[in-house]
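This report describes selected parts of one protein model. The sequence and the structure come first, and the notes follow.

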Amino acid sequence: MIARAASRGTLPPSLIFAGPEGVGKRMTAVALAQVMNCLEPGKFDGLDACGACASCKRIARGVHADVLQLEPGDTGAIKIDQVREAIERSAYRPFEGRRRVVIVNAADALNAEAQNALLKTLEEPPSASTFVLVTSRPDMLLPTVLSRCQRLRFGRLSPGEVAALLIRDHEYPDGDAHAAASLSDGSIGRALQGATDEFVVAREAAVDLLDAVASSTDPWRRLGGAKALAGSARGGSSDREQLARRLYALSSIIRDLGALLSRADERCLANADLRTRLERLLRSFDGDRALRAFSAIDRALAALDRNASPKIVADWLAFQI
């Protein structure tokens, strides 16, 4: 949609890209700047930038004369001096490209003075300039700023999409990619920030617990599953974080069981690579049990937030699922 509007010259001059962190808003803003300034536009699919010409490469590196990116400074804010410089540069005709593009990353970091300085320019941008405000917290922007920009909403990626991107662009092994995707909450950025080994271990511990409690009421077996879930937890903050990670993995797996029970589209599964093990668990989990388990995990996470002992939380949960 954005590429078509840019090619037809109908793209609004002031845009807000709003959505969760790590879903590609900033990458899309950079791609838009490339579309507008590519030396061989439409070379591959008729709409997109080629990505290979000198202009596209300079934009990707952040060194193109006509594409300016504003970032929060050391204080975490984007100050009025940065905005004034961008406004001044946008008033001139493009130096080497067809259009100047100003990308304001983390636009919610603009302080009130900086936002007010932008108002007139957003309302009446120079004819050869486009402003793109990228934010995961659009409500932090002034209403007057919001009213002067066309907002494009970005959603979370599906777990399958996150896994595919990790495999294609970051050379993740298949199992590691799905483990990271299952705990990413639809954010490729969050998946990349985590330690993949920890994701893998967390998910394996979660499945082991479900295997232990699925068809057995033996308390010792349940306590063994709880011990595997808690790992070496002794009550420290790192142990609390480790158990929380494993509880999120457990929640993801229970959600997938619910999806399979309701015959939902398999593409929505966060742990599609564990399909065989999930189907085996379905023999012991009906909809009511899956719902009770999901609720118990939420209560366990809340207890961890209140500084409950990780070991006690894991033991309690093993008798609730």
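## Alanine 181

Helix α8 (residues 174–182) contains alanine 181. The model is a predicted one. Alanine 181 has a relative accessible area of 2%, and because the cut-off for buried is under 20%, alanine 181 counts as buried.

Leaving aside residues up to four places away in sequence, alanine 181 touches Pro159, Val162, Ala163 and Leu166. Alanine 54 lies 127 residues from alanine 181 along the chain, and the C-alpha atoms of the two are separated by 34 Å.

## The sheet

Five strands make up an open sheet, in the order β2-β3-β4-β1-β5, with parallel pairing. At the edges are β2 and β5 (150–153), each of which pairs on one side only. From one strand to the next, the twist averages 20°. In general, strands of a sheet pair through backbone hydrogen bonds, either parallel or antiparallel.

## Strand β4 and its partners

β4 is joined to β1 by five bridges, and the two strands run parallel. Alanine 18 has threonine 135 of β4 as its bridge partner, and leucine 15 has valine 132 of β4. Five bridges also join β3 to β4, again in parallel. Here valine 101 stands opposite threonine 130 of β4.

How many of the residues of β4 are buried? Seven of its seven residues are, so the strand is described as mostly covered, with buried meaning under 20% relative accessible area. In a regular strand the side chains alternate between the two faces of the sheet. In β4, Ser129, Phe131, Leu133 and Thr135 are on one side, while Thr130, Val132 and Val134 are on the other. Both faces are covered, and these residues are all buried.

Helix α4 (residues 80–90) lies across β2, β3 and β4 and runs at about 165° to β2.

α2 (residues 25–37) has 13 residues, which should span 18 Å at 1.5 Å a residue; the end C-alpha atoms are 19 Å apart, in agreement with that value. The buried residues in α2 are Lys25, Ala29, Val30, Leu32, Ala33, Gln34, Val35, Met36 and Asn37. The elements that cover them include α1 (2–8), β1 (14–18), α3 (54–61), β2 (67–70), β3 (100–104) and β4 (129–135).

## Helix α14

α14 (residues 287–305) is a helix of 19 residues. From its first C-alpha to its last it reaches 28 Å, close to the 27 Å expected at 1.5 Å a residue. Aspartate 286 caps the N-terminal end of α14, with a side-chain oxygen 3.3 Å from the backbone nitrogen of aspartate 288. After α14 comes asparagine 307, which has a positive phi, near 70°.

An α-helix has 3.6 residues a turn, so residues three or four places apart point the same way.

Definitions and conventions:
Residues are numbered from 1 along each chain as its sequence is written. This is a predicted model: local features need pLDDT of at least 70, side-chain atom pairs count only at pLDDT 80 or more; totals for chains, interfaces and linings use all residues. Side-chain values use heavy atoms; hydrogens and water are left out. Helices (H or I, at least four residues) and strands (E, at least two) are DSSP runs, numbered from the N terminus. The expected span of a helix is 1.5 Å times one less than its number of residues. A polar contact is a pair of N or O atoms within 3.5 Å; within protein, one must be able to donate a hydrogen and the other to accept it, and residues adjacent in sequence count only if both atoms are side-chain atoms. Buried means under 20% relative accessible area, exposed over 50%, partly exposed in between (1.4 Å probe, protein chains only). Contact means heavy atoms within 4.5 Å. Two strands pair if DSSP finds at least two bridges between them. Axes are lines fitted to C-alpha atoms, for helices over the stretch in contact, and angles run from 0 to 180 degrees between N-to-C directions.
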